[in-house]
Structure formats: structure tokens, C-alpha cells
Amino acid sequence: MRFDVVTIFPEMVLDCAMNGVTGRAIKQGLVDLAVWNPRNYTLDKHKTVDDRPYGGGPGMVMKYKPLKDAVDDAKKLGSKERVKVVYLSPQGKPITQQLLNENTALEQLILVAGRYEGIDERFIQNECHEEWSLGDFVISGGELAALVVIDAISRLLPGVLGDEGSAKQDSYMDGLLDCPHYTRPEVFEGKAVPEVLLGGNHKDIAKWRMKQSLGWTWQKRPDLLFNKELTAEQKSLLNEFKIELKYK
Ligand code: 9D3
């Protein structure tokens with residue numbers, strides 16, 4: 001899959017994406033990433049990518065034409081099939097695991113990162129298929145959102161994650177929070193690692209982990225359980241968690 005990011009801060013996107021899981025995926029050729037700076041598509045000597053808003057008011061608005069020319073060049077490097085143009089914005093559909101799962105089969109995802117107050121509405125309507133948001137809080141531009149999307153989709157692609165943290169592990173926990181993790185030493189600051197993890201009984205360990213996941217989700221994110229159907233075993237594990245909590 002290829003990602004193209006339209007941004008006036010291309011080095012911000014590249015410097016970040018070249019690390020860790022995404023960096024390795026790009027170096028292995030499992031993912032392609034290119035950046036497109038709308039400034040390179042301006043014709044005036046000041047390389048103007050923004051202008052004052054019609055109707056007045058504070059802030060500036062990104063101009064249609066440099067963005068459009070950048071997107072058009074990005075499209076030339078793609079396969080022309082299964083291409084989607086997404087504008088990252090506070091008005092967008094909130095990004096969820098499900099939304100990302102639904103977009104792993106694209107050949108090319110063109111991510112448009114805005115700055116200033118936003119971009120010309122006609123660009124959004126004519127050139128973008130969808131608008132996506134990180135959530136109901138304010139950040140200063142779309143670059144960090146584009147990086148989140150690239151990271152989250154890359155780890156779903158075949159071959160990107162090794163054994164150490166396969167995407168299957170993530171989807172196995174589907175809709176639940178993770179369980180607690182421990183490493184050596186066995187006792188630290190007076191706190192011991194839970195007994196069951198030391199025993200090597202893999203069935204008991206899996207049960208304990210599922211119980212902790214259910215318990216944590218119930219305690220920290222009860223909203224995740226409202227729309228989730230639990231199996232009979234999960235219901236009984238969650239009950240055990242609640243009972244054990246009373247005797248702590
Ligand atoms: C005056 C109202 N503000 C809109 C909520 C102005 C404004 C703030 C921040 C306009 C653009 C931005 C820049 N934000 C993004 O580009 C952005 C974003 C975000 O701020 N929150 C959550 N997801 C995203 S994705 C892109």
C-alpha cells in the first residue's frame with residue numbers, strides 16, 4: 001500500500017514515519033510513503049499557499065489550487081485503482097479501529113494535512129472522498145493525524161508486524177483493553193508479580209489475562225462493554241474479577 005501526504009511540513013512527516021514499525025515497513029518495501037508540499041506548486045515568488053477568508057475573521061485559509069496540483073502529482077505515482085483522498089480535520093469522522101480495518105485494501109491513500117484555520121471548502125467537496133478526525137480535541141494541523149493513520153494501517157498489512165506483536169494479538173483483544181504486563185525482577189518495591197504468571201500453565205495464564213482485560217475494561221472504559229456481546233466464559237470471568245475486587 002502507498003501513502004501520500006500533502007503537507008507544508010514534509011520533513012515532520014518523514015522524520016517521524018522513518019522510525020519503528022512504519023520505518024521498517026517502508027525500508028522493506030511493504031509500504032511506500034511520499035510527501036507533497038503544496039508550496040512547490042505555487043507560482044508567485046512568496047510561494048503563497050494560504051489567503052484571507054472571504055467574509056472576514058481571524059486566521060488564514062489554504063488555497064485550492066496548490067493542494068489540487070499536489071494531489072494530482074501524487075495520483076500519478078499511484079496505480080489509479082483503489083485510490084482514496086482523505087482530508088484530516090476536526091470536522092471528520094472519528095478514526096476507530098473499525099474505520100482503519102475497512103481501509104487496509106486500498107492501493108493508495110492520499111492524506112491531506114491542513115494548517116491555519118482550514119482549507120477552501122470547494123477542495124474538500126471536489127477532491128476528497130472522506131474527512132477523518134482524531135477526536136474531539138484541537139491540534140495544530142493534520143500532520144500528526146496523517147502519521148497516526150499511516151502507523152495504524154501499516155501494522156494491519158501482511159508482513160509488517162513480526163511475531164513480537166502480531167496484529168492478530170491486537171484483534172484477539174477486539175474491543176477490550178489489554179491486560180497488565182510484568183517482567184523481571186519477580187519482586188520490586190515490595191510488589192510481586194502475580195503468581196499465575198510464574199507457573200507456566202498456559203491455560204491458566206490465558207484465563208487470568210482475559211479476566212484482567214475484562215476487569216480493566218469494566219473499571220476504566222465501561223462504555224466499551226455497552227455494545228459488546230460477552231461469551232458465557234467471559235461473563236463468568238468478569239464476575240470473578242468483581243468478587244476478587246471486594247476481598248482486596
Ligand atoms: C476555530 C475552530 N477551530 C476548529 C475546531 C479551528 C481549528 C483548529 C485546529 C482549525 C484547524 C485546526 C487544525 N486541526 C487539524 O488539522 C486536525 C485535527 C484536530 O484539530 N483535532 C482532531 N483531529 C484532527 S485531524 C486534523
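Start by selecting Thr217, which sits in helix 9, residues 202-220. The model on your screen is predicted.

**Stop 1: Thr217**

Is Thr217 buried or exposed? Its relative accessibility is 0%, so Thr217 counts as buried. The cut-off for buried is under 20%.

Now show what surrounds Thr217. Skip its neighbours within four places in sequence. Contacts remain with Gly175, Leu176 and Leu177, and also with Pro222, Leu224 and Leu225.

Zoom in on Leu177. Which atom of Leu177 lies 2.9 Å from a polar atom of the Thr217 side chain? It is the backbone nitrogen of Leu177.

Next, select Lys80 along with Thr217. Draw a line from C-alpha to C-alpha. That line covers 42 Å in space. In sequence, Lys80 and Thr217 are 137 residues apart.

**Stop 2: helix 2**

Move to helix 2 and select residues 20-27. Which residues of helix 2 are buried? Colour Thr22, Gly23, Ala25 and Ile26, for these are the buried ones. Then look down the helix axis. The buried residues of helix 2 fall within an arc of 165 degrees, so they line one face of the helix.

An α-helix has 3.6 residues a turn, so residues three or four places apart point the same way.

Turn to the face of helix 2 that points away from the buried side.

What covers the buried residues of helix 2? Select helix 1 (10-17), strand 2 (32-36) and helix 6 (143-154), which are included in the cover.

**Stop 3: the whole chain**

Zoom out and switch to a cartoon view. How many helices and strands does the chain have? It has 11 helices and 10 strands.

Along the principal axes, the C-alpha trace spans about 70 × 40 × 40 Å. The radius of gyration is 23 Å, whereas a compact globule of 248 residues would have one near 18 Å.

Colour the chain by burial. Of its 248 residues, 40% are buried. The accessible surface comes to about 15300 Å², and carbon and sulfur atoms hold 52% of that.

Definitions and conventions. Residues numbered from 1 in each chain as written. Predicted model: local features only at pLDDT ≥ 70, side-chain atom pairs only at ≥ 80, totals over all residues. Heavy atoms only, no water. Helix = DSSP H or I, 4+ residues; strand = E, 2+ residues; numbered from the N terminus. Buried < 20%, exposed > 50% of the residue type's maximum accessible area, 1.4 Å probe, protein only. Contact = heavy atoms within 4.5 Å. Polar contact = N/O pair within 3.5 Å; in protein donor to acceptor, adjacent residues only side chain to side chain. Arc of directions from axis to C-beta. Rg over C-alpha atoms; globule rule 2.2 N^0.38 Å. Areas by Shrake-Rupley, 256 points an atom, 1.4 Å probe, with all protein chains shown as cover.
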